[in-house]
Each structure stands twice: as structure tokens, then as C-alpha cells.
Amino acid sequence: NQWRLINGSELYDAEKDREQRHNIAGQHPEVVQQLRDEYEKWWEIVSTQFDEEIPMVIGAEGQGETCLTCHDWRNENCDLPHHQGMIRQGKLSNGYWEVEIGQDGEYLFEIRRWPREAGHPIAAGIDGDDISWTKDAVDENSRNYYTGGKSLPVTHAKLRIGECELSQKIEAANANVSFQVSLKEGPSHLQTWLTDEQGLSVGAYYVYASRVAN
């Protein structure tokens, strides 16, 4: 819990230096080596699973809502928005989630471009934020990741899970579009699309999934 090793070479004391401003790798070479060794052990385990299905469970007995994000998409080129700045910029990519339906029943899928906490309409952008705090903390070329948000004028939403495919129109004020689907227990793939009439297409960055009934 004390140490953070970044890129295998930068060491920070997370208890004393929470902003990770002071690289102290040179003062603690034994800690650097220990963390490198632990990383290699972890990598040896996960790297053998790259081509395997690793589903996320939805709707198991006693399980609440599951939030799926674009960070866990699967696609051919591993091309996905892997941090919030790319979502602000409206990165155009898509992929599917590997899911495991926990039990037979009715399932509700709420799809969004912005996280639920933000409350923004799917097609809306975000006006520029106050980024004065980034002056000393963030490189100038990266500050656009921390301010504003590009609008995506999408008009239709589509969801596919297994053999089931559903679509809806997106109204301007909609912060989400919801689909209810009857599903059987077992593995499946889930994918979404947000589109317009001019060929714009992007996956929903956030999907909130839950089992609602038998």
C-alpha cells in the first residue's frame, strides 16, 4: 500500500507523496526490484489468457447492478477509450463485452455516453471546465483531456446481446436509452451502437445492467 512503481522505473511513496511528484527510485533500489519481480509474476499469469473469454457476470443470485465501461471492450485492434479524456473527446470506436448471464430472467440494459453521475444527455457536449488546477500538474498538451467534452449528435441507439437485437430513437434530452431483454443463463457477447444519419457510429461508453425479474 505504501509504494507505487510507474513504468518499471519511477518509485513513489504513496503515503507521503500522494500526488506522486518525487521519484525516489534511486533511494530504494531493493523496493524497485521487488515490485518489478511481482509485476513479472502477475504478467506471466495474465498474458496466457489474452485469447481466452473472460466474461463479466450479470444478474447472478444476490448480485446488484453491474456497470460495464468501454475500457473492457474486446475488438481486433484493442482500440478503445481507456481513460476519461478520450470519452470527453468522443473517441469513435466500438467493441463487445464478454458477459455471463447469471440466471434466466428479464434484464435491463441502460446505455449512456456519459457516466450516470454526470447526468448529461447522450448527444450533448460539456462546456469548458475550470482547468487552472492543471497548470502545474498536467502537461499543456494533455490539458484537453481534463476540460469540456465533444458533442456527438447521435440519433439512434442499438443493443445486441446473443441473437437479440433492439433499437430505439434517441431524443435530444435523453441521458440514457434502456432496453429490456429476456435472457437465458450462460455466456454471451454484448455490444451497443450510437449512430446518426450521416454515418457516425460509436459504442456506448457506459452500460448499466441488472436482472429485473424471472
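Reply: Happy to! A disulfide here is a pair of cysteine sulfur atoms within 2.5 Å. By that cut-off, the structure holds 0 disulfides. Cys70, for one, is in no disulfide, and the nearest cysteine sulfur, that of Cys67, lies 9.8 Å away.

Me: Before we go on, what kind of model is this?
Reply: This is a predicted model, where local features need pLDDT of at least 70 and side-chain atom pairs count only at pLDDT 80 or more, while totals for chains, interfaces and linings use all residues. Residues are numbered from 1 along each chain as its sequence is written, and side-chain values use heavy atoms, with hydrogens and water left out.

Me: Thanks. Is Cys70 buried or exposed?
Reply: Cys70 counts as buried, because its relative accessibility is 1%. The cut-offs are under 20% relative accessible area for buried, over 50% for exposed and partly exposed in between, with a 1.4 Å probe and protein chains only. Cys164 has 25% relative accessibility, so Cys164 counts as partly exposed.

Me: And where does Cys78 sit?
Reply: Cys78 is in the loop between β4 (66-69) and α2 (84-88). Helices (H or I, at least four residues) and strands (E, at least two) are DSSP runs, numbered from the N terminus. Cys78 is exposed, with a relative accessible area of 65%. Its backbone has a positive phi of about 50 degrees, although Cys78 is not a glycine.

Me: Can you walk me through a few?
Reply: Lys41 and Glu38 form one, at 3.4 Å from N to O. These two residues are 3 apart in helix α1 (residues 29-46), so about one helical turn separates them. Glu38 is partly exposed at 42% relative accessibility.

Me: Which partners does Glu165 have?
Reply: Glu165 forms a salt bridge with Lys158, where the closest N and O atoms are 3.7 Å apart. Glu165 also meets Arg160 in a salt bridge, at 2.9 Å from N to O. Glu165 is partly exposed at 43% relative accessibility, Lys158 is partly exposed at 26%, and Arg160 is partly exposed with a relative accessible area of 32%.

Me: Which residues are linked in a network of salt bridges?
Reply: Glu65, Glu110, Arg112 and Arg116 are linked that way.

Me: How do β6 and β12 pair?
Reply: Strand β6 (residues 105-112) and strand β12 (residues 206-213) pair in the antiparallel sense over 7 bridges. Within that pair, Phe109 has Ala209 in β12 as its bridge partner.

Me: What about β10: how many of its residues are buried?
Reply: Strand β10 (residues 186-195) is mostly covered, with 7 of its 10 residues buried. Strand β5 (residues 97-101) runs antiparallel to β10 and is joined to it by 5 bridges, with Ile101 opposite Gly186 in β10. Strand β7 (residues 156-161) pairs with β10 in the antiparallel sense over 6 bridges, and there Leu159 has Thr192 as its bridge partner.

Me: And β11?
Reply: Strand β11 (residues 201-202) is joined to β10 by 2 bridges, and the two run antiparallel. Thr195 stands opposite Ser201 in β11. The hairpin of β10 and β11 has 5 residues between the strands, and in this hairpin Gly199 takes a positive phi near 100 degrees.

Definitions and conventions:
A salt bridge is a side-chain nitrogen of Lys or Arg within 4 Å of a carboxyl oxygen of Asp or Glu. Two strands pair if DSSP finds at least two bridges between them.
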